[in-house]
Amino acid sequence: MYRDQRITVIIPCLNEEQGIEQVLRRMPGFVDEVIVVDNGSTDRTSEVAARFGAKVIREEVRGYGRAYKRGFARATGDIIVTLDGDHSYPPDAISYLLEAFRHLEVDFLNASRFPVRDPKAMSLKHKLGNLALSLVMSLLYLTWVRDSQSGMWVLRREILPELELTSDGMAFSEEIKIEAIRHPKVRFTEISIQYSSRLGEIKLNPWKDGFYNLWFLVRKRFRRRRRAARALAEATKL
Ligand SMILES: Nc1nc2c(ncn2[C@@H]2O[C@H](COP(=O)(O)OP(=O)(O)OP(=O)(O)O)[C@@H](O)[C@H]2O)c(=O)[nH]1
Ligand SMILES: [Mg+2]
């Protein structure tokens, strides 16, 4: 419990036996529920996560978005906090994020990895890719988002049914932010955290995921519009 709110932490994992142990070791005591979504790992991720007190659920179909959707369906807390299983996001920043979430009176808080202080944490290629994606997203959706690809968020569980989450892959991270930004009743903001280099092997495919995420941003922006335009055309037909 954190200030009368039940806290659920959700961690999607694909072969993160090294990272998940460190993440769970550093999990603050006030967290009520830790859900590790094992996305078909072939290593000891599930055993390690269970040994360190997490509720382990499996999602056999691969995909970052798939894993989150499975985890969200099982979460019971009032507030959900997310992070990767690779120990790149700081579990000890959870109290700081929850305090900011409360003080800023928001429903969705994005933890930005920028500015990156540890030079080893992110390659120049990833920095530029992240910058490009965040710039495009900010322009398309008319809200300044410094880190559209961050995997650490704090959100109120009750907003989830309001969000239209279609992506099963890496684009899920930007999609959940877009949905939060566009929803008239969801208050969105962003603050910085410290990002470190991951443990274990990277699962992201930088070029493929990067270009796909760019395409997804644009498609989502105009698809809705087309639907809205069609609805307007229908409505004005008479
Ligand atoms: N890419 C990918 N990640 C998955 C999948 N299922 C779960 N994950 C987890 O989602 C998190 C994000 O993947 P990462 O490889 O860390 O991607 P990233 O954070 O963009 O890249 P890093 O900067 O290397 O951490 C990790 O905890 C993965 O284990 C999946 O099907 N694909
Ligand atoms: Mg990661």
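This section describes the sheet, the core, the helices packed on the sheet and the ligand shell of the structure.

The model is a predicted one, in which local features need pLDDT of at least 70 and side-chain atom pairs count only at pLDDT 80 or more, while totals for chains, interfaces and linings use all residues. Residues are numbered from 1 along each chain as its sequence is written, and chains are lettered from A and ligands numbered from 1 in the order in which they are written.

Seven strands form an open sheet of mixed pairing, in the order β3-β2-β1-β4-β6-β5-β7; two strands are taken to pair if DSSP finds at least two bridges between them. From one strand to the next, the twist averages 20°, where axes are lines fitted to C-alpha atoms, for helices over the stretch in contact, and angles run from 0 to 180 degrees between N-to-C directions.

Strand β1 pairs with β2 (residues 33-38) in the parallel sense over six bridges. Within this pairing, I11 stands opposite V36, and the bridge partner of P12 is V37. The pairing of β1 with β4 is also parallel and extends over four bridges, with I7 opposite I79 and V9 opposite V81. By contrast, β4 and β6 (residues 153-156) pair in the antiparallel sense over three bridges, and V154 is the bridge partner of V81 in β6.

Burial was assigned from C-beta atoms placed from the backbone: a residue is buried if 20 or more other C-beta atoms lie within 10 Å of its own, exposed if 12 or fewer, and partly exposed in between. By this criterion, seven of the seven residues of β1 are buried. In a regular strand the side chains alternate between the two faces of the sheet. Accordingly, I7, V9, I11 and C13 lie on one side of β1 and T8, I10 and P12 on the other. Strand β4 (residues 79-82) is likewise covered on both faces, with I79 and V81 buried on one side and I80 and T82 on the other.

The largest nonpolar core contains 54 residues, of which V36, V81, L97 and V154 touch the most other members; such a core is a set of buried Ala, Val, Leu, Ile, Met, Phe, Trp, Tyr and Cys residues joined through C-beta atoms within 7 Å. The most is given to this core by β1, with five residues. Beyond residues up to four places away in sequence, V81 touches I7, V9, I94, L97 and V154, contact being defined by C-beta atoms, placed from the backbone, within 7 Å.

Helix α4 (residues 94-103) touches β4, β5 (108-112), β6 and β7, and its direction makes about 135° with that of β5. The buried residues of helix α3 are Y64, R66, A67, Y68, R70, G71 and F72, and they pack against β1, β2, β3 and α6 (172-182). A73 is also located in α3, but is exposed, with 10 other C-beta atoms within 10 Å. The C-alpha atoms of A73 and R157 are separated by 10.0 Å, although the two residues are 84 residues apart along the chain.

In the segment before β1 lies Y2, which is buried, with 20 other C-beta atoms within 10 Å. Apart from its neighbours within four places in sequence, Y2 is in contact with I7, F30 and L98. Y2 and E99 are 97 residues apart in sequence and 9.2 Å apart in space, C-alpha to C-alpha.

Around ligand 1 there are 19 residues, among which L14, N39, D84, G85 and K203 come nearest; a residue is near a molecule or strand if its C-beta atom, placed from the backbone, lies within 6 Å of it. Two or more residues of this shell are given by each of β1 (7-13) and α3 (64-74). The shell divides into eight nonpolar, five polar and six charged residues, with Ala, Val, Leu, Ile, Met, Phe, Trp, Tyr, Cys and Pro counted as nonpolar, Asp, Glu, Lys and Arg as charged, and the others, Gly among them, as polar.

Methods. Contact = placed C-beta atoms within 7 Å.
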